[in-house]
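Please open the structure in a viewer and keep the selection tool at hand.

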Amino acid sequence: MPMTAYQTENSPYVLVGIDGSLSALDAAAWAAESAAARNVPLRLVHVVDPGEAQAELGPWSRQRILKYLESKAVAVLAEAQHKVADLEPEVAVETSCLTGRPLPTLIALSREALMTVVGSGRSDPASASHAGSVAVSMSAHAYGPVVVVRGTCSAFGDEQRQGVVVGVDSSEAADKATEWAFSEAALRGVDLTAVFSCGDLPRGLDDSEPEPRWWLEYQVQQKHVLTRRLGQWSGCHPGVVAHCEVTTGRPAWALMQHAREAQLIVVGSRGRSEFVGSVLGSTSHALIHHAPCPVMIVPSNAVSNRSGQP
């Protein structure tokens, strides 16, 4: 199947990595609903890795293995396309079978995509098992927002899950994540909860109360600060009701507590880097492994005012 690149400025699309796993089918279903809400096309991509055919069985054997992998890729893409068609028949879908190293290929394709959606890498997204290496690496290296689908395959239709949760702090990456979170909440017609965690409380000798008075005063003060910061996006999305939560403990734990009934968690990263840890940080890393719902990781240089955004 030939690769046909979309022109991003004129026709943005949602990119999905398809690898034959059940979690990739969940990612395709989530992405289909997201593409339908934005009225943009969907692109399903499977990358055949020639390294899988590097067995010392002679050139003819290698060619037969490649042919088998390519035929398997066609079947995998067809299965994902059928699932998408059943869920969102009006969404335009392109399937692409490419040859190369899967991770660098998907990273390169993410440059032209509105967002990239991948599965958690596990057949049971609700488990505490770690996400796959592709999900981790794409979240660190992609050019635009990456959604790791966990916990549910429904982007909008689960009545048991309401709201979008975003992690906030004073960084540029958090500002970009907040901007995208407002857009996602507007698409869904749900509330937004901005969560700021100040870490563990420093307990003084006189702080015998479970919640010291100074902490209660600090919460009120920080909520006022957050409300003012959120005002710049509230003006663009007046229909979104925004809530501010100031809490303690590790940020990832705080976000997961608030996201138990959420449709999506949104967090920022500092952008592309050679080293996974230097961009994701402990919060993003923990969320893509253990979050109870899909997680969107937004790099600080992600374009947000492009066509396809609400």
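The stops below concern the sheet, a helix and a cavity.

This is a predicted model, in which local features need pLDDT of at least 70, side-chain atom pairs count only at pLDDT 80 or more, and totals for chains, interfaces and linings use all residues. Residues are numbered from 1 along each chain as its sequence is written, and side-chain values use heavy atoms, with hydrogens and water left out.

**The sheet.** Begin with the strands (DSSP runs of E, at least two residues; helices are runs of H or I, at least four; both are numbered from the N terminus). Ten of them, 10 strands in the order 3-2-1-4-5-10-9-6-7-8, make up an open sheet of mixed pairing, where pairing requires at least two DSSP bridges between two strands. Select strand 3 (93–99) and strand 8 (242–247): each stands at an edge with a single partner strand, so one side of each has no neighbour in the sheet. Next, select strand 1 (residues 14–17) and strand 4 (residues 115–119), which run parallel and are joined by 3 bridges. Valine 14 has methionine 115 in strand 4 as its bridge partner.

**Helix 4.** Select residues 133–141: 7 of the 9 residues of this helix are buried, so helix 4 is largely enclosed by the rest of the structure.

**The lining residues.** Finally, select Ile18, Gly20, Ser21, Ala24, Leu25, Val76, Glu79 and Ala80, which line the largest cavity. On a 1 Å grid over the protein atoms alone, a cavity is a set of points where a 1.4 Å probe fits but cannot get out, and lining residues have an atom within 4 Å of a point. Helix 2 gives the most to this lining, with 3 residues.

Methods: Buried means under 20% relative accessible area, exposed over 50%, partly exposed in between (1.4 Å probe, protein chains only). On a 1 Å grid over the protein atoms alone, a cavity is a set of points where a 1.4 Å probe fits but cannot get out, and a pocket is an open set with protein on both sides within 12 Å along at least five of seven lines; lining residues have an atom within 4 Å of a point.
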